[in-house]
Amino acid sequence: MSKGAKNHHLKSNVNEFLNNKRNIEALTNVIDSFKNALEKQIPLTTVILSCETIFVELLRSHDMTIHIKSLQGKENSPENNYKQFLQERYIETFNLIIECLGSDKTSDAHQALTTCMKFIAIEGTNPLESHDNHQTEFPIVHLNKVISKLLLSHRIMKNVIVKLSEYTMFDDFCYFVWKLLLKNLIPTTKNDLNNEFIQNYLELLNVLIPASPNNNQKYAEQDDDDEKRFLCKVVKFDEQLLRKNVNKIWNFIVQWPHNDVTQRQLLVLLLEKVLVHLEKPALLTDYLMDTLDVGGQVSLLALQGIFILIHKYNMSYPNIYEKLYAMFEPEIFHMKFKPRLFHLADIFLSSTYLPETLVAAFAKRLARLSLVAPPQDIIIILFFIGNLIIRHPGLKRLICDAANGGHEISNDPFLMDECDPNKSFALQSSLWEIQLLKSHMLPYISQTAKNITSQPLPNREWDLGEYLEVKENDLFDQEISKKAKEYALTFERPMTETKNQHSAMSKYWKF
Amino acid sequence: MKAKKGKKGPKSDAIYDKKSKVIVRKENPFELHVNREKFNVLNRKTHHSFGKPLLARQNAFEKRKQTLGAEYKVQNKSNLFEDRRKSGFKKLPRESIYNLNDSEQLTHRGQTLEQIEQFDDARPDDDDEMSDEELRLDANFTKVAHFGGGNDEESMIDRKTAIDELIADSKKRKAERVKEHEEMLDLTNKLDSDYKHLLSVVKTLERTETPEKPEADEYDRLVKEMIFLPRGEPTNKLKSEDEIARIEKEKLDMLEMDRQRRMQGDEDNPEIRSTYRSADDLDDGYFLEPVIDDEDDKVLSYPLNPEDVDPQNEPDNEQEDDIPENGEIGSKNEEIESENESENADEEQSESESDADSLEDLKADNSESDENTSDENDEIPASTAPTKLDKKNIEPMDHIPFTISLPETYEKFIELLGAQSIKIQSTIIERIIKTDHPKLHFSNRNKMIKLFAYLLQYVNDLFLSNDESNITKHFKLVHNLSPLMFDLIQMNPEDCSSSFLEVFKEKYEDYKKNQKAYPKLDTIIFFKFLSSLFPTSDFRHPVVTPSYIFLHHILSQCKVKTRSDVMSGLYLVTLTYDYQRISKRFLPAVLNFLKGICYLGIKKSLIDNSRPIPPFKKKDELLVVSSEIDVISNEKLKPTDFLVTDIDDEFKVRAISTAVGLIKDYMLLYEELVGVQYLIDSFESLLSKLSDEEKLPETLKATINEVLKEFDRIKSERKFKYPEAEKKSLPMLRMLEPRFEAVHSDRRQMYCQSQGNAAEKKKLQHMLKREKKSAKRELIKDNEFLSKIKHRRMQQMDVERKEKVRRILHEGNVQQSEFKALSRTKGRKGIF
């Protein structure tokens, strides 16, 4: 059957059922085709939409609602039996749709999620079983199904979870999701606590916790239109509850076994969302100190966390400069977080009260790194060192030493391999690296190096920000965009390679 | 004295009188007005301490009388009296009042003095010409001839006789003069002869007394030598580039025509032949018999190198030899040939050199079968080049036209090059350049730019389709193309450079799509051209610098995974060495790459925790030699290595040995740089580890140890030196601008204090006010003057009128009294 015909068939079935709600055959046809589609992995959107139309209609018109009188239980009438049957179909369809959440196709998964949420919203106001005391219940069972599917499906559901952010504006939704999250905090089996689960969980938290600055603003704004704040049930959900939940969950998730990816995700979550809600941020110290030793991007994020703790929560951390010092390795130039590292280092070293030995060690280490760094990073390093010298005029002796100038010793006293910046003898050395950079092949760099060593340093520091994000491409474009006045040419007519005995080309290559 | 004075004109007399009058008028204290000064300021000149009001008033009055008064006099009068007596004598105004002599040119005998003075000592050698003195008529004559009209006694003599006398007199004088002259000559001759006699005496005296000529010193000898040095002979003027280009083109045209003629198999083309006309041709139907036979001509031509010429086996030599048969062109060609032979003229040499090039290319092409490239030698002395033609050389020339113009499209260009051998291809391109040389026609400039772009595209296409069979050929072609590209870019530096840069831009865009993978050879090969076209040692260069960034980007980002990656990297690193050989600047990524290659060659133990610099990966053992093989470690890298995929031990050894060699070269290059010890340190540890590798061939290990020794030497020579404070050059004394003080026309405070536009304006306003005031005052005074004049005139008229009235009254009175008297008498008479 072709796709068009199938769609047509589906449509006619839906219409038949909606015209005659006793038409069981049409309903089963629709559900069968759904199952069929799910098995064959063909696009599901149309099927989901047709199921949606059917059951939304059923829910709205209370055609499935079984009225239960208090203390009596439900009547066993054929009417109710039929309704019971419809409800079973409804549950079945719901489960099918939840299956779709794990679909590879993002559009299908999104559609499934929207349909689920629609069902939940409508069912909340039009419950399947109506009681005498007209109390609306949030269909938490359905929501639980959705959340469990999102968390426990052994695959990363990031794209679907992001879609959930559309619903975080509803307080009751948040309230119940938090409830479910708490419930899911301790997985039933050890196996469930895998990376995918953690990642999904963290992603969900990320969606659920509002970004900190407009936290209060959000509540203030939405006081105006109450009906929009709730999906189906009025519940009280305020910041305090949020904090309580966050704190409770945080203490658990920190203890989960993390790998590099989840650790990073966790740290990002911590820095961006969680930290402001924590009651005792000082408790993070241990965690951050541990993660600081992991290395790479994780430790950088931990460093940023520590920085926030030091900056906002008056934490003192004695070894922080050593940790920072250890982070400057040749590999940083190939990492994504390089701008962040330089930015942080700049902030850490911005105090003019730091001991000169320490700052000199940083300057010296960076200078060493500049000898293997790509050009855009050399520029950053040069300006960074320049800034350090501006802050600590005593370091000028590294560039030009009035006392020892011209004095010769056998070796550079600086120890590159020393972990402790205070023991690296940086202050006894000099910044000859910058002298060497003067003969860098790229004019921009050698010019900058010249400026730093030979000219009096300016009073104002360089703004590193504009150099941090420069890429090689930008350098190329910059150089290209320079308007050339003239193109100098060689004046020697090139000879064939065999004649040119002195060139390295002829020495190592045979053509 | 007095008499002399009297002789002077009346004017000078007056002047003298004026001068002689000493004005000893004493100042009348009552005529003075003293401006009393309150304070005596030092150094201030006082100009107006005294005033002479009366004098001033009088002067003003006089002035007004001459100006305003005169005007008033003629007011309301339509007719004018003008005294022309004076104006008639008026001199024309001089053009320049200071140049007193410009109007009057002193002449002598109708010639200006300047003209005469050019012949400074023109003695009158002709008898007819008389001296100034003689020409002057004597007093008696003038007396008679000019003023002979008086009633003097002598005037009675007949005028005619007087004139006759005059003529006789002058003739006599002339004869006297001639005689005198002859005497003088005789005397001179006599003196000369006497002197000759005397000379013999004197000579003998001198001979004995004076010594021989003094020894010629250095200077004199030099001067003598210089006198006898051969002087530069005038030669034909040197040929300009345009001319050379034209001649070259003409030559190729000629060869081409000749080739086409031979191609058609029509040896003696009547068309060409008939164009020949002998100078002696009388147009009488008798033609000079054209030379038909090749052999005849051959007899006449003498090869420079007789061994090379074998007329029997060398039908192709006619390319040169049978040219003379076509009269005009032939003679031209002979000219050119003879030019070729003369070796001392530069431009001719270059011309023949280029000729040699093209021929030599062909030669090399054929000798390609000899395989060894060392035999290829493009530079051959020009004079011998034409003689080196032999049978083999000529063959390819048969199917390449001598003039090839640039095809319209790239496709046609490719078609033209076709699957020819490298040498032929480069010859074709060379000929295109010669045919469409921009010096020949202005529009050819664009063609050359196009050709350059074609070549770039061609190279690009070639290296896109590499396979093992042709990659070596492609590289060779690149090497042959570089000189041609060089020529092309010299013609249009701007356009070609920018199109070259465009290539790099394009390649960079391509590369950016996948920054982690080495670009293919079609990108890398363009770095080869860089050093042959542009000066790579420039500090900043519009083409070179961007390509450095590109190169750096490749070396620092691309992951080394395959054999071709290693090759590409090593190729770029080698190129960089050549780029920087002069300027000795360094690029971290290049050194990092070399470190990485060494790292790849080291077998890592489990506990080894050393980390290479990215893009090299930790514990990567791509180039670790797995089995001991016996290879010559200094084997060079070959282009075919780019294409082979598997990394065998033989290649590993070669790659590592190349890297080691390059490391050594680089370190020697940077020997003078400040921190070379550090650079060496970083290599040293790697190399010493490398030398511990078991499987590495011994020869390579020995090389590594040598390099390490070399490093030790450099390190021991270099010490760590503390940076000196840069010597401050003594600041130049400050140049002080001369301070000009503003000159104020008014001493008042308000002008002295402030400067600038506003002050200037204020000042001007003030001056305007003052001027206005003074003008007003003048007008008032003028009016006063006029009214005074009017008043005076009125008074005068009144006086006159009164006088008249009085006279009339007086007359009336007299009349009356007379009448009365008369009447009294009458009356008395009457009465009486």
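**Exercise 1. Work out where B:Glu650 and B:Arg654 lie and how their side chains pair.**

Step 1. Both B:Glu650 and B:Arg654 belong to helix α26 (residues 649-669) of chain B, where they sit 4 residues apart, about one turn of the helix. Helices (H or I, at least four residues) and strands (E, at least two) are DSSP runs, numbered from the N terminus.

Step 2. The model is predicted: local features need pLDDT of at least 70, side-chain atom pairs count only at pLDDT 80 or more, and totals for chains, interfaces and linings use all residues. Residues are numbered from 1 along each chain as its sequence is written, chains are lettered from A and ligands numbered from 1 in the order in which they are written, and side-chain values use heavy atoms, with hydrogens and water left out.

Step 3. The closest N and O atoms of B:Glu650 and B:Arg654 are 2.9 Å apart, and the pair forms a salt bridge. The term stands for a side-chain nitrogen of Lys or Arg within 4 Å of a carboxyl oxygen of Asp or Glu.

Step 4. B:Glu650 has a relative accessible area of 25% and is partly exposed, while B:Arg654, at 2%, is buried. Here buried means under 20% relative accessible area, exposed over 50%, and partly exposed in between (1.4 Å probe, protein chains only).

**Exercise 2. Describe the salt bridge of B:Lys512 with B:Glu509, then that of B:Lys507 with B:Asp522.**

Step 1. B:Lys512 and B:Glu509 are 3 residues apart in helix α21 of chain B, about one turn of the helix. Their salt bridge spans 3.4 Å from N to O.

Step 2. B:Lys512 is partly exposed at 22% relative accessibility, and B:Glu509 is partly exposed at 42%.

Step 3. For B:Lys507 and B:Asp522, the closest N and O atoms are 2.7 Å apart. B:Lys507 is in helix α21 (residues 493-513) and B:Asp522 in helix α22 (residues 521-533), both of chain B, so this pair ties together parts that are 15 residues apart in sequence.

Step 4. B:Lys507 and B:Asp522 are both buried. Over all chains, the count is 36 salt bridges.

**Exercise 3. Determine how helix α27 of chain B packs on helix α28 of chain B.**

Step 1. Helix α27 (residues 676-691) and helix α28 (residues 698-717) have axes 10 Å apart and pack at an angle of about 155°. Axes are lines fitted to C-alpha atoms, for helices over the stretch in contact, and angles run from 0 to 180 degrees between N-to-C directions.

Step 2. That angle makes α27(B) roughly antiparallel to α28(B) (under 35 degrees is roughly parallel, over 145 roughly antiparallel, 65 to 115 roughly perpendicular, the rest oblique).

Step 3. Residues in the contact (heavy atoms within 4.5 Å) include B:Ile680 and B:Leu687 of α27(B) and B:Leu708 and B:Phe711 of α28(B).

**Exercise 4. Repeat the analysis for helices α5 and α6 of chain A.**

Step 1. The axes of α5 (residues 106-125) and α6 (residues 140-152) come within 9 Å and cross at roughly 160°. This makes α5(A) roughly antiparallel to α6(A).

Step 2. A:Leu113, A:Cys116, A:Ile120 and A:Glu123 of α5(A) meet A:His142, A:Leu143 and A:Val146 of α6(A).

**Exercise 5. Summarise chain B.**

Step 1. Chain B has 30 helices and 5 strands.

Step 2. Of its 832 residues, 33% count as buried.

Step 3. Among contacts in chain B with a separation of 6 or more, 69% come from residues 24 or more positions apart.
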